[in-house]
Every structure is written in structure tokens, then in C-alpha cells.
Amino acid sequence: VTQDMATPERSLPPAKIVLVALAGLAVVLAIYGFVGRAKPQGAGSLDNIAAVEVPNQNSMLVALTVTLHNSGEKPLWIHNIEGKLKTPSQEYSDDAASAVDFERYFQAFPALKQNSQAALMPETKILPGKEARGTVIVSFPVTQADFDKRQSISVVIHPYDQPLPVVLTK
């Protein structure tokens with residue numbers, strides 16, 4: 001009873017037990033982080049790329065045909081669609097053109113229509129296990145030579161009520 005209870009030998013558990021408990025806690029948190037991480041609800045592919053240079057504007061119009069598959073358990077609603085181009089020197093992005101402009105682009109640049117589908121539009125609903133195919137038209141402020149040297153081109157689809165977008169890259 002006369003021992004001093006304020007000494008470190010009496011107030012702390014052995015260091016080995018503390019380290020084992022901290023290691024166990026770290027393992028549990030790592031497993032929870034891995035299992036609970038956000039995953040895209042969809043997947044797909046970038047099927048076709050048709051690009052034309054806009055004369056005298058140092059700009060490219062690109063028609064990207066994609067297939068989007070809903071691998072989730074609830075419907076996937078498309079909120080926004082954008083295109084991304086990565087060149088050795090810079091990265092560019094552009095929101096998809098409106099579907100009402102497609103025919104005008106196809107008339108002005110017939111090469112864009114090659115292997116194209118109907119427009120993939122925002123507000124499209126894809127049921128679980130189903131897929132949607134469509135074309136997205138975007139514009140990038142690069143020359144044909146820069147476009148040909150690209151590192152990658154992507155279509156980024158932002159669904160409603162999903163934390164991660166679906167990225168389709170080629």
C-alpha cells in the first residue's frame with residue numbers, strides 16, 4: 001500500500017502489449033478502408049475515335065463512341081459527360097456537345113460521323129446489368145500534330161449520387 005502509484009512502472013502497461021494493440025487497430029482500419037472504399041458503379045470501353053481539325057482555329061473536334069455498362073445494383077443516371085485529352089505537355093478537358101448540334105457537326109465535318117452512334121446524353125438512365133452505347137463530341141484547342149502525339153484520351157461520365165466518375169480511356 002505504501003508504493004507510489006505515480007511512477008511510470010505502475011501507470012503504463014508493458015510496451016509490448018501497447019504495440020500489439022496498436023498493430024491490431026492498424027490492421028482493422030486498413031481492412032475497413034479497403035472494403036469500404038468508393039468504387040465506380042459502371043465500366044465500359046472507348047470504342048471509336050474520329051477526329052477532324054477545324055480549319056484556321058488550331059482546334060480539334062473529336063467524336064468518341066463509348067459503351068457504358070452499369071455494374072452496380074441500382075440504376076445509373078448520367079449527370080455530366082466530359083472529354084479529357086492528355087498530351088506530353090498539357091491536359092485539356094471539355095464538356096460534351098449538346099445532342100442537337102450533332103447533325104450540324106456531321107454536315108460540316110463528315111469524317112466525324114464515321115462509326116458514330118446516337119448521342120450519349122446526360123439524364124440517360126442505365127438499369128443494373130444493362131449498357132448504353134453512344135457518341136460524345138468534344139473540342140480541344142490543339143493542332144492535328146499535337147492530337148496525334150497524345151498520351152491518352154478519355155471520356156469521364158459523372159453519375160448522379162455517386163462519389164466517383166466512370167472514366168473510359170484509350
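This is a short talk on a few residues and side-chain contacts in one predicted model.

Some ground rules. The model is predicted, with local features needing pLDDT of at least 70, side-chain atom pairs counting only at pLDDT 80 or more, and totals for chains, interfaces and linings using all residues. Residues are numbered from 1 along each chain as its sequence is written, and side-chain values use heavy atoms, with hydrogens and water left out.

Let's start with the loops. N56 has a positive phi of about 60 degrees, and it is not a glycine. N56 sits in the loop between β1 (42-54) and β2 (59-70). Strands here are DSSP runs of E, at least two residues; helices are runs of H or I, at least four; both are numbered from the N terminus. N56 is exposed, at 83% relative accessible area. Exposed means over 50%, buried means under 20%, and partly exposed is in between, with a 1.4 Å probe and protein chains only.

Next, D161. Its phi is positive too, near 40 degrees, and D161 is not a glycine. Find it in the loop between β7 (152-159) and β8 (166-169). D161 is exposed, with a relative accessible area of 57%.

Now to the strands. N70 lies in β2. Is N70 buried or exposed? N70 is buried, with a relative accessible area of 0%. What does its side chain reach? The backbone oxygen of I126, at 2.8 Å. A polar atom of that N70 side chain also lies 2.9 Å from the backbone nitrogen of G72. Leaving out residues up to four places away in sequence, N70 touches several residues, including P75, L76, L127 and P128. A contact means heavy atoms within 4.5 Å.

V52 is in β1. V52 is buried, at 11% relative accessible area. Beyond four places in sequence, its contacts include M60, L61 and F109. V52 and S139 are 87 residues apart in sequence, yet 9.8 Å apart in space, C-alpha to C-alpha.

Last, the rings. The structure holds 1 aromatic pair. F102 and F106 form that pair, edge-to-face, 5.8 Å centre to centre, with 75 degrees between the planes. For the cut-offs: Phe, Tyr and Trp rings (six-membered for Trp) pair with centres within 6.5 Å; planes under 30 degrees apart are stacked, over 60 edge-to-face, the rest tilted. Why about one helical turn between F102 and F106? Because they are 4 residues apart in helix α3 (residues 102-108). Both F102 and F106 are buried.

Notes
Polar contact = N/O pair within 3.5 Å; in protein donor to acceptor, adjacent residues only side chain to side chain.
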